[in-house]
Amino acid sequence: MSPRRTDAGGRVDRLRTIRFTFDGAPYTGHAGDTLASALLANGVTLFGRSFKYHRPRGVLTAGVEEPNALVTVLRGEVREPNIAATMVEIYDGLTAVSQNRFPSLAWDINAANQLGGKLLSAGFYYKTFMGPAIGPLKSTRFWMFCEHFIRRAAGLGRAGTAADTARYERMNAFCDVLVVGSGPAGLMAARAAADQGARVILSELEPHFGGSANWSGETIDGMPAADWAARAAGQLEGYDNVRLLPRTTVWGYYDGNTLAALERVTDHKERPGKGEPRHRYWIIRAKSVVLATGSFERPLVFPGNDRPGVMLAHAAERYANEYGVLAGNRIALFTNNDSAYRSALALKKAGAAIVAIVDVRTELSSEMRELADEAEAKSLSGHAVVATEGGKALSGIKVQRFDMTNGALAGEARSIQADCLLMSGGWSPTIHLASQAGAKAEWNAARQAFLPPKPTQQWIGAGAFTGSFSTAEAIAEGRAAGLSAAGGTGTPTALPVVEAAPGDPDPAPVFEIKADGKSFVDFQHDVTAEDVRLAHREGFISVEHLKRYTTLGMATDQGKSSNILGLAIMAEALGKPIPEVGTTRFRPPFSAVSIGSLAAERFGDLRPERLTPMHDWHVANGATMYSAGLWYRPMIYGHAGETIEQAYVREAKATRESAGIVDVSTLGKIAVQGPDAAEFLDRVYTNMFSTLAVGKARYGLMLREDGLAFDDGTTWRLGQQDFLMTTTTANAGKVMQHLEYFLDVVWPELRVHVTSVTDEWAGAAIGGPKARAILAACVTGTAVDNAALPFMGIVHGKISGVPVMICRLSFSGEMAFEVYSGAGYGTHVWEALIEAGKPFGLVTYGLEALGTMRIEKGHVTGAEIDGRTTARDLHLDWMLSKKKPFIGSAMMDREGLIAPGRLELVGLISLDNQPLNGGAHIVEDLDEANPHDSIGHITACCYSPALGKYIALALVKDGMARRGTRAHISDPLRNRFGPVEIVSNHFFDPDGSRMHG
Amino acid sequence: MLITCPYCGPRDVIEFTYQGDGNRERPQPASQNLDAWNAYVYDRLNPAGDHNEIWQHSGGCRAHLRVVRNTLTHEISSVAFARGDHKVAARHKAEGKT
């Protein structure tokens, strides 16, 4: 048996031993333990080092609000930092490590930071690292220089670099009543709502339902509260209309009663079950919500309150009653309220000696004196703890007489030996979700706490959340809330009877004991009471400024244990009551949310993919696939031993010498149909389409309303009222939405229907000197010669028995044809074309060769139509019709869009015969040490087999006028500098003789 | 936030795409009044309260809707087809009805 484990009690299964490691050392615990309870049971008190001063820290709480005991959990190569040890359920093989220490947790070099405590106070970095006004480290450069070292010394856990291999999923849920929190109030609410027939979801962030009933030691309906809770939860399981969500944190309350929750499905398991995600992100739409989220116990602020062994009173009570673990053998308590007396008695019953109960109040009720007597504790009323003793573990405390009316200490300090000090500074209702939902919290002077505001959305509070801290009140409020939320009316049946220790819920208004030494307010960010006062002295008196200047409440725990204390100390410094200082509004998330759960199916094996009909053929025939948005497209069809460049150069060269074929199924395809279709196209394209003959295609350009270029593509007139528009792959969705907007909102009188048919057609582009011969060899039902199929002509025929539509158009600059067939026949037609092409040396080519040939031709794509360029910048002004208005026509001639100095499309040739890089800047004068005065940038680049040179397309200031001049590439990130010549973007076959044939 | 699409019923906002301020008026296509075009392309109302907006049910029926939304509470007080009854009117005209 472990040194601190009690013989009986709690919900841990003493027959099941779990093995895990912490900082490499092996430990054992029991099923049901958290990492915190298991380590405490093993006598471990040192859990981590603090953020700024590297002070040794133990565990402060037993739940989600833990600021100190943060660990990193390792799963294979994947590391997840900053997890509260109180929230980690142990499993066989769990590997956890402590954080922010070097070289080890026990011996930490940076603990020397404590000696410079005055230096590292609030605003230290702002003040110290301003840097000199001149010189190499002037102003912020000095900070950037120092930051590297500071970041290493201060901080939390280190993020991993390995890809997260876990699966995450997202779930939408709807219910009549969502109950958040499953303490006595939540259980009663869920039951009452379920009995009304409402669809109920009950969420609990812990693994077990029951909340405080699991450790309060109270009796409900004649049985231990924990058993009562287990029975109540078990009964709810039998309801068809109730969904129980354990390990689920409701972290966001959004408008329309939409709540976000994170379910930790498999974090507590050695490995996930089949198909189980790690986390599930719930989006819950609830008609009404019962908030039964309980309350957090507050620490007290006094010197040395952060020493390992100092803990919240209820936390120790919980470790004893729920996990069978004693936080210490000789326990002292320090309190400003009655709840600590119950904790003292519980720990006494569990086997610890209670050496003293130090209470700031002089007057104690007779009930509290009786509880103290029963715990055999020395009652020190009108006293305060002024120091703690010990190194990495508590050895004793110092107490002094204390006058709570003025905060004065008097008399000699005396020492009391103790290995554990429990503190209780009152309780703060967990109002985070209510605050997120809208209104401001209200200060209650009796409870010394912010209570939830009046609901602005459909929620009802119950239990400690409302400031009703007794279990009897929680049970009554819970049932009433559940009934009301389900729209039912109360039937006056008897409520469960609670037997509990007495106690006044109102604490004394004491938050801090002012004595020499560091008194921590925010444990996780190492903010002391003195830091708060310093901020006040320096003028940061607004609570929002205080928060940002001291970083109070800005750590991963979001100040769950520190916010009220910080406010109280600031209020005292200002000489104002707490409600006048105000509080910051809580924002989502309530506690940390995995980014993976938010990404859910958008990432990993659930991410949707778009595959062309010929996808499997490409993969089977050696294509290296490339992801473009959701699409997968062949990049190259590499031969053994080829580099990417060798492969695409071979493919492009073969296409220009004989013929090549490429899958163009990803192009956006929109059917534009109706009596006004031609008129509509005249309005959306810059050039005319009403004059286009049936059976012909035309290249079109669209502008945005602001006159900048939007998208380009060919549109085919298949019938008088029937057009097939093609768009770039990337813009297919945007163009569709653009057309729909104009038809629905701007020109509803036009009789036009648009339909996305991208997935209905498979497309293959076949180009090169032999392309026509290949088609002639396999197409039946139509001729493909120049007369039947002139440039931009369309014919219908068959290939291998399958109907196809063929348009003669060219992106590669060769004599080329796009062959479209029904998507289901895509591979069949593709294979027939490949077969027909064999005698002619037909090659397959991928995106790289496609890009190379388009760069050689100087065609534009999304890299040049980048949302900043105009038609003129891209030398497409010949497409701007003067005969009609079109979208963007009124705005395209604005001053700034026709002024000199715009970036214009040009070609670049590398003069040092070295590759060029996309995104590299272009400069007139090369200055490698201090690059400046960019005149443009490269948008696309390749090795051109047709020219035998490295070439690029670029957008260059006044580019037209610079043709024939020289400039330089300046790419300091990739250390690439070199001379280039600026030329026309039409590198190859500028008069188009090859494609016209 | 829920938007009640006249075709599809109440649906979550993730099914919709915001398509801009519904108060904008597009000048006549041939208009050369640059001030009017500038107002249409760039000027947006930003009221604290009810706002006329265009939303597209892009994850559903793809209809554009005129929505009145309170920018402070996200309360939606009215939803109507952006097309109005133009489509019906056009069909009636084509069929010779009045």
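**Strands, helices and a chain contact**

Student: What makes strand β21 (residues 383-390) of chain A and strand β22 (residues 394-403) of chain A a pair?

Tutor: In this predicted model, strand β21 (residues 383-390) of chain A and strand β22 (residues 394-403) of chain A are joined antiparallel by 7 bridges. Two strands count as a pair if there are at least two bridges between them, so these strands qualify. Within the pair, A:A387 has A:K398 of β22(A) as its bridge partner. The link from β21(A) to β22(A) is a hairpin of 3 residues.

Student: How do you know that β22(A) also pairs with strand β23 (residues 408-417) of chain A?

Tutor: The same test is applied. Between β22(A) and strand β23 (residues 408-417) of chain A there are 7 bridges, in the antiparallel sense, and pairing requires at least two bridges, so the strands are paired. A:V399 has A:R414 in β23(A) as its bridge partner. The hairpin of these two strands has 4 residues between them, and A:G407 there takes a positive phi near 75°.

Student: Why is α4(A) described as roughly parallel to α10(A)?

Tutor: Two packed helices are described by the angle between their axes and the distance between the axes. For helix α4 (residues 184-195) of chain A and helix α10 (residues 471-485) of chain A, the axes come within 7 Å and cross at roughly 30°. Angles under 35 degrees count as roughly parallel, which is why α4(A) is called roughly parallel to α10(A). The crossing of α4(A) past α10(A) is right-handed. Among the residues that meet are A:L187 and A:M188 in α4(A), with A:I475 and A:L483 in α10(A). The residues of this contact comprise 13 nonpolar, 4 polar and 3 charged.

Student: Why do β41 (779-780) and β45 (842-844) of chain A stand at the edges?

Tutor: The open sheet in question has 7 strands, in the order β41-β42-β43-β44-β40-β34-β45 of chain A, with mixed pairing. β41 (779-780) and β45 (842-844) of chain A each have a single partner strand, so one side of each is without a neighbour in the sheet. Inside this order, strand β42 (residues 794-799) of chain A and strand β43 (residues 802-807) of chain A run antiparallel and are joined by 6 bridges. There, A:I799 has A:V802 of β43(A) as its bridge partner.

Student: Which strands of chain B form an open sheet, and what is the sense of the pairing?

Tutor: The order is β3-β4-β5-β6 in chain B, and the pairing is antiparallel. β3 (17-21) and β6 (76-81) of chain B are the edge strands, each pairing on one side only. The twist from one strand to the next averages 30°. β3(B) and β4(B) share 3 bridges, and B:D21 stands opposite B:E53 in β4(B).

Student: Which helix of chain A lies across β3, β4 and β5 (64-70) of chain B?

Tutor: That helix is α19(A), which runs at about 80° to β5(B). In all, 17 residues of chain A are in contact with 24 residues of chain B. Helix α19 (residues 732-746) of chain A gives the most to the side of chain A that touches chain B, with 6 residues. That side divides into 7 nonpolar, 2 polar and 8 charged residues.

Student: Where in chain B is confidence lowest, and where is it highest?

Tutor: Helix α2 (residues 86-94) of chain B is lowest, at a mean of 51, and strand β4 (residues 50-56) of chain B is highest, at 97. Where pLDDT is low, the predicted coordinates should not be read in detail. The mean pLDDT of chain B is 88, with 86% of its residues at 70 or more. For the complex, the predictor gives an ipTM of 0.91 and a pTM of 0.84.

Conventions
Residues numbered from 1 in each chain as written. Chains lettered and ligands numbered in written order. Predicted model: local features only at pLDDT ≥ 70, side-chain atom pairs only at ≥ 80, totals over all residues. Contact = placed C-beta atoms within 7 Å. Nonpolar A, V, L, I, M, F, W, Y, C, P; charged D, E, K, R; others polar. pLDDT = per-residue confidence, 0-100. Axes fitted to C-alpha atoms, helices over the stretch in contact; angles between N-to-C directions. Parallel < 35°, antiparallel > 145°, perpendicular 65-115°, else oblique. Left-handed = near helix turned anticlockwise from the far one by under 90°.
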